[in-house]
Amino acid sequence: MGDQEEEEQAPPGSTLTDEELRDLRSLFVRFDSDGNGELDVDEMKGLIDQLKIVATTDDLKIMYDVLDQDGSGTIDCTEMLQTIDNLLREVYSSQELSESFKQLCSSVIENEEKDEDGDAEITAKDLANAMNLAGVYMSEEEVLNLLAEVDESGDGTIDFTEFRNTLLML
């Protein structure tokens, strides 16, 4: 069964490690009580209960619909693994983006003051410094126009949420 060995490795680009992949496959098999390679609603409920996730019937339906990517009415192991991988990818992407923003801020912010929740904010002067470091020289008016495009709150600064939202639109 060479396929079994192949299945035990995370595909390239996956956020799941080989060990996590094996553990999740094992968990899936444990709750696939009829052994047909698919989880039905009752088997899914058993899995949710075992994980001690408090879920109403509506919550369970929503989770089930999200996992049932092909709309077949059942969840196969591949669907479960892809959904978990996609969710982890979103979390990692957000964490990486947050780290990038913090690094950007620490390299260009002249005023080291932080706001109350510890997030740095980029001012027009900081933005001009960042652009200069990137080899892009802009007039004061161009910097202010760029800041205004990104500054959704209108407070004259770019915070992490505005930075993220701008990058997501690219």
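Biologist: What are the ground rules of the model?
Modeller: Residues count from 1 along each chain as its sequence is written, and side-chain values use heavy atoms, without hydrogens or water. This is a predicted model, where totals for chains, interfaces and linings use all residues, side-chain atom pairs count only at pLDDT 80 or more, and local features need pLDDT of at least 70.

Biologist: In what order do the elements of the protein run?
Modeller: There are eight helices and two strands. Both are DSSP runs, helices (H or I) of at least four residues and strands (E) of at least two, numbered from the N terminus. From that end the order is α-α-β-α-α-β-α-α-α-α.

Biologist: What share of the 170 residues counts as buried?
Modeller: Buried means under 20% relative accessible area, with a 1.4 Å probe and protein chains only; exposed is over 50%, and partly exposed lies in between. By that cut-off the share is 31%.

Biologist: How do H3 and H4 lie to each other, parallel or perpendicular?
Modeller: H3 spans residues 41-50 and H4 residues 57-67; their axes are 11 Å apart, at an angle of about 110 degrees. Axes are lines fitted to C-alpha atoms, for helices over the stretch in contact, and angles run from 0 to 180 degrees between N-to-C directions. Under 35 degrees is roughly parallel, over 145 roughly antiparallel, 65 to 115 roughly perpendicular, and the rest oblique. So H3 and H4 are roughly perpendicular.

Biologist: Which classes of residue make the contact of H3 with H4?
Modeller: Contact means heavy atoms within 4.5 Å. H3 gives Val41, Met44, Lys45 and Ile48, and H4 gives Leu60, Met63, Tyr64 and Leu67. Ala, Val, Leu, Ile, Met, Phe, Trp, Tyr, Cys and Pro count as nonpolar, Asp, Glu, Lys and Arg as charged, and the others, Gly among them, as polar. The tally is seven nonpolar, no polar and one charged.

Biologist: Which residue caps the N-terminal end of H3?
Modeller: A polar contact is a pair of N or O atoms within 3.5 Å; within protein, one must be able to donate a hydrogen and the other to accept it, and residues adjacent in sequence count only if both atoms are side-chain atoms. Here a side-chain oxygen lies 3.1 Å from the backbone nitrogen of Asp42, and the cap is Asp40.

Biologist: Is Phe28 buried or exposed?
Modeller: Phe28 sits in H2, residues 18-31. Its contacts beyond four places in sequence include Leu39, Ile75 and Met80. At 3% relative accessibility, Phe28 is buried.

Biologist: Which backbone nitrogen does the side chain of Glu162 reach?
Modeller: Glu162 belongs to H8, residues 160-169. At 2% relative accessibility, Glu162 counts as buried. At 2.9 Å, its side chain reaches the backbone nitrogen of Ser153.

Biologist: How many charged residues are in the contact of H6 with H7?
Modeller: H6 (residues 124-133) and H7 (residues 140-150) pack at about 110 degrees, axes 9 Å apart. Ala124, Leu127, Ala128 and Met131 of H6 meet Val143, Leu144, Leu146 and Leu147 of H7. Eight are nonpolar, none polar; the charged count is no residues.
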